[in-house]
Amino acid sequence: MNPRWTTRRRMAWITLWSGVLYPLLVLFSKSDQLGSIAGPYYVFVSAVVGAYIGFATVDDKWHKE
């Protein structure tokens with residue numbers, strides 16, 4: 001495991017898990033405001049996880065060459 005990516009990997013996992021747990025929060029809180037921000041929230045979660053995967057892949061390719 002590359003130590004440069006430890007913090008980034010942790011951030012991606014926490015973001016991914018928060019995206020999984022968010023619907024439970026909306027369900028149990030019964031808040032209309034939490035439900036209304038679901039779209040932008042999932043765009044943000046997707047961007048963070050996607051950026052990690054993308055940059056990790058590019059970094060791996062650069063270090064193999």
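Is Y42 buried, partly exposed or exposed? Y42 counts as partly exposed, because its relative accessibility is 30%. (Buried means under 20% relative accessible area, exposed over 50%, and partly exposed in between, with a 1.4 Å probe and protein chains only.)

This is a predicted model: local features need pLDDT of at least 70, side-chain atom pairs count only at pLDDT 80 or more, and totals for chains, interfaces and linings use all residues. Residues are numbered from 1 along each chain as its sequence is written, and side-chain values use heavy atoms, with hydrogens and water left out.

Start with the aromatic rings. The whole structure holds 3 aromatic pairs. (Rings of Phe, Tyr and Trp, the last by its six-membered ring, pair if their centres lie within 6.5 Å; planes under 30 degrees apart count as stacked, over 60 as edge-to-face and the rest as tilted.) Y22 and Y41 are stacked, at 4.5 Å centre to centre and 25 degrees between the planes. This pair links distant parts of the chain: Y22 sits in helix α1 and Y41 in helix α3 (residues 38-64), 19 residues apart. (Helices, H or I, of at least four residues, are DSSP runs numbered from the N terminus.) Y22 is buried at 7% relative accessibility. Y41 is partly exposed at 21%. Y41 also pairs edge-to-face with Y42, at 5.6 Å centre to centre and 75 degrees between the planes. Y22, Y41 and Y42 form one aromatic cluster.

Now follow helix α1, residues 6-29, to T15. T15 counts as buried because its relative accessibility is 10%. Leaving out residues up to four places away in sequence, T15 touches V45, V48 and V49 (contact means heavy atoms within 4.5 Å). L27 is in helix α1 too. L27 counts as exposed, at 54% relative accessibility.

Conventions:
Helix = DSSP H or I, 4+ residues; strand = E, 2+ residues; numbered from the N terminus.
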